[in-house]
Amino acid sequence: MTAPTRSDIRRWRRYLAEERAEAAVYRELAERRHGEEREILHELAEAERRHAEHWETLLGPRIGLPLRPSLRSRALTWLAGRFGSVFVLALAQRAESRSAYATDADATAAMAADEQIHSEVVRSLAQRGRARISGTFRAAVFGMNDGLVSNLALVLGIGAAGTSRETILLTGLAGLLAGALSMGAGEYVSVRSQRELLAASTPSPETHDALAALDVDANELALVYRARGMPADEAARRAEERLAAAHRGAEPELHEAPDHEEIGSAWGAAISSFCFFASGAVIPVLPYLLGLTGLTAVLTAAGLVGVALMVTGAIVGVLSGAPPLGRALRQLAIGWGASAATYGLGLLFGTTVS
């Protein structure tokens, strides 16, 4: 084997630092989990340790002092130790998917395959977290975005028509309160209605009590499974198994009641929507609260809202596993586009009135 070059040594040491950092991230995340998720994260940490040993073996006496991992890896370790949330898992998923082992001759094929599988494992763990927060998170994101865009459009529209600062301020605050109450009430009704509709479609648990008294020859239970979409032969076989269990005195389950985690709670969605709409809607009003007027207030409001839109877009991008910059720019374009249209109408209306 030829002696490694300085470039090889630097690359191996960088890989070693990254593997150690990734193992630390998974260990930190495992400390904040329990049950199966905790075991999976510990297994991932062990796999990263094995990868680190590969680079340690290649380096041998040239290993030197430990290198600091990249800023991204250090930030991920810090976040994992303090939050351990789905946000960190989403970032870890992106980190695993960017592995360079598939094109590096010094990394084994097994290591490259491990990293690919790790990406899918972390994706699945992140999906569990997304399901737990999706209802409330959806309401929060929609509430924040609606508050930012609708109140900016409202403030710019009436401001462009030549309205006084006091009127703009009063209108903006009224829009904040009305919009927040409307969003909160709408989310409550929407989520509550959705859960009630799903509950109405869930099989009744009282059906279990009737199983033992069913006629085995007629096998009416097969109709239940056929109504759910099973083929006739499969429905008959499943019904026979359930009836046999019922006659043995067991307590068969016709279904597993869904917990509808991905929908969230009605009150959680309503409160999140109200609070985030209000926090977004207050941003366009801030320049007028601080005494700014005219074009200065317009540009300041648009700038503040633009920053907030990019932040919310980037967060959605990270949690969904998509490039955060693309989602941030998309959010910005939509928000500014709607506000610009309203501002243009306000200018037109103000000119017409004058």
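**Cavities and a helix pair**

The second largest cavity holds about 40 Å³ of space, a volume being the space filled by probe spheres set on grid points that are joined across faces, edges and corners. By a cavity I mean a set of points on a 1 Å grid over the protein atoms alone where a 1.4 Å probe fits but cannot get out, and lining residues have an atom within 4 Å of a point.

Please bear in mind that this is a predicted model, in which local features need pLDDT of at least 70, side-chain atom pairs count only at pLDDT 80 or more, and totals for chains, interfaces and linings use all residues. Residues are numbered from 1 along each chain as its sequence is written, and side-chain values use heavy atoms, with hydrogens and water left out.

Lining that second largest cavity are Glu22, Val25, Tyr26, Leu76, Ala92, Ala95 and Glu96, with α1 and α4 (86-97) each supplying at least two residues; helices here are DSSP runs of H or I, at least four residues, numbered from the N terminus.

The largest cavity has about 50 Å³ of space, and among its lining residues are Arg13, Leu59 and Pro66, while α1 gives the most to that lining, with 4 residues.

Turning to the helix pair, the axes of α1 (residues 6-31) and α2 (residues 35-59) come within 8 Å and cross at roughly 165°, where axes are lines fitted to C-alpha atoms over the stretch in contact and angles run from 0 to 180 degrees between N-to-C directions. The two helices are therefore roughly antiparallel to each other, a term for angles over 145 degrees.

Key:
Angles under 35 degrees count as roughly parallel, over 145 as roughly antiparallel, 65 to 115 as roughly perpendicular and the rest as oblique. On a 1 Å grid over the protein atoms alone, a cavity is a set of points where a 1.4 Å probe fits but cannot get out, and a pocket is an open set with protein on both sides within 12 Å along at least five of seven lines; lining residues have an atom within 4 Å of a point.
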